[in-house]
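Hello,

Here is the structure for your files. My notes on it follow below.

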Amino acid sequence: MLMMPVEEWSRQTFGGCKLGDKRRTERLVKVARGLAGRVGQSLVKSCVSEAEIEGAYRLLRNEQVDCNAIAESGYKACAEQATLSRTLLALEDSTSLSYGHGVREELGPVGGEAESQSQGFMVHSVLLVDEETQHTVGLIEQQRWKRRAEEHGKKPQRKQRRYEEKESYKWERASRAMSERLGELMSRTISVCDRESDIYDYLKYKIGAGQRFIVRASQNRRIGGEANGRLFELTGQLQSAGSYDITVPQKGGRRARKAKMELRTAAVTLVSPKQGHRALSLNVVECREVGTGQGKGLKWTLLTQEPVRSAEQAREIVSHYEQRWRIEEFHLAWKSGGTQVEKQRMQTADSLERMSVMLAFVAVRLLQLREVVMDKVDAKQRSCTELLQPMEWKVLWLKRERGKLPAKPPSLYWAYYAVAKLGGWHDSKRTGKVSWTPLWEGWFRLKSMVEGAELAASLK
């Protein structure tokens, strides 16, 4: 994956945005360039002059600037990149953006309880990943909405509302929008969704529209036909599709461990929960940890229309689902670990939403930056100039290596880990994985050092 310089990235992502005035689009490109070049900084610190600061705030406050138009420009750039992929995984999930400053009165509840004091936006995002390279392609869809306080927490009433009026319609709405943007590429795209998407109407839509999907089941649905019974009680009727070993990583107080996973498959017919509605025919792939005792260990039950005629096909479906965590990485890059969107302090909900949309695409760029070293051999052969300007890599070299500058720029691999170490990272677990905090603290430190070096040079 070739990493674009920030100037080229901001132009490609937002240069085609339709804001009714070319000057607004140019301003958008400049603001995005500043935000991407100084990730995690405030809007003020991402600008290089008083004029840029004033221009950025005018853009964010302008009622003529439609945040959906900003997003559409980014989606279009993503769709263009998607044409280079043979198979795409559309990873979906929802999150919330919470705020506690004055603008909270314009927002909606985001907590689990009706009396929650958290206020903000609910967000549903779809991230495209290249199935073969596992590189992030881009953000292809995002919905943002404010819950109404008077309806929050009233679950019984939601059962009486039309499907299209429910919050759960977000899954189908996302698929419809994605289909419009990708067109024929939709036949190469597999939606990968967690348990919240196990909605009968959504499954019916995906099958009816001929769209590919992998959904983790949460409902113990009734099964018709020969495999009579309930979905989660079919283990004895499923066909074995082999097994494989995985490493369950350390998390919290839980130790890392090895786990043996057994795969079983079947073709089933899901009976509609609504009387008179047609049943759905699809495939089930059960992935269960063995050797842990009854009811213990990992277990996924996946619903799909992808073929499962062999053990290899069953394993491929599970491997696609295992990529779903990448959408959680996007949330981290967008929220706490990268752009820190929840620390923005715009004074109106509209300005805040415009800012959050721009930062969502910056967060995608952060994911792509971190992926440049996924292929260690390739990263060692490529130049760090794909990531750093000449002054940046030279300052970084003098700080980290404390020796004479090399005749040619060092590798991309060296630059990535040098920045991480500048931020205090140590590979204590011998994984080579850098978390967001040290990576971007190192990036901030490098930017400050370069600014200091440039200032010193100008005073000579």
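The charged end of arginine 315 is placed over the ring of tyrosine 244, at 3.7 Å from the ring centre. Arginine 326 likewise lies over the face of tryptophan 325, with 5.6 Å to the ring centre. Please keep in mind that this is a predicted model.

On ring pairs, the structure has 11 aromatic pairs. In one of them, tryptophan 9 and phenylalanine 14, the ring centres are 6.1 Å apart and the planes stand at 90 degrees, so this pair is edge-to-face. Tryptophan 9 is buried at a relative accessible area of 5%, and phenylalanine 14 is buried at 0%. The pair of phenylalanine 330 and tryptophan 334 is stacked, because the planes are at 20 degrees, with 5.6 Å between the ring centres. These two residues are four apart in helix 10 (residues 325–334), which puts about one helical turn between them. Phenylalanine 330 has 0% relative accessibility and counts as buried; tryptophan 334, also at 0%, counts as buried too.

Trp9 and Phe14 belong to one aromatic cluster with Tyr75 and Phe361. Tyr75 is among the buried residues of helix 5, which also include Cys67, Ile70, Ser73, Gly74 and Cys78.

As for the geometry of helix 5 (residues 67–82), its 16 residues should span 22 Å at 1.5 Å a residue, and the end C-alpha atoms are 23 Å apart, which agrees. The N-terminal end of helix 5 is capped by aspartate 66, which has a side-chain oxygen 2.9 Å from the backbone nitrogen of asparagine 68.

Regards

Key. Residues numbered from 1 in each chain as written. Predicted model: local features only at pLDDT ≥ 70, side-chain atom pairs only at ≥ 80, totals over all residues. Heavy atoms only, no water. Expected span 1.5 Å × (residues − 1). Buried < 20%, exposed > 50% of the residue type's maximum accessible area, 1.4 Å probe, protein only. Polar contact = N/O pair within 3.5 Å; in protein donor to acceptor, adjacent residues only side chain to side chain. Phe/Tyr/Trp six-rings, centres within 6.5 Å; stacked < 30°, edge-to-face > 60°. Lys NZ or Arg CZ within 6 Å of the ring centre and 35° of its normal.
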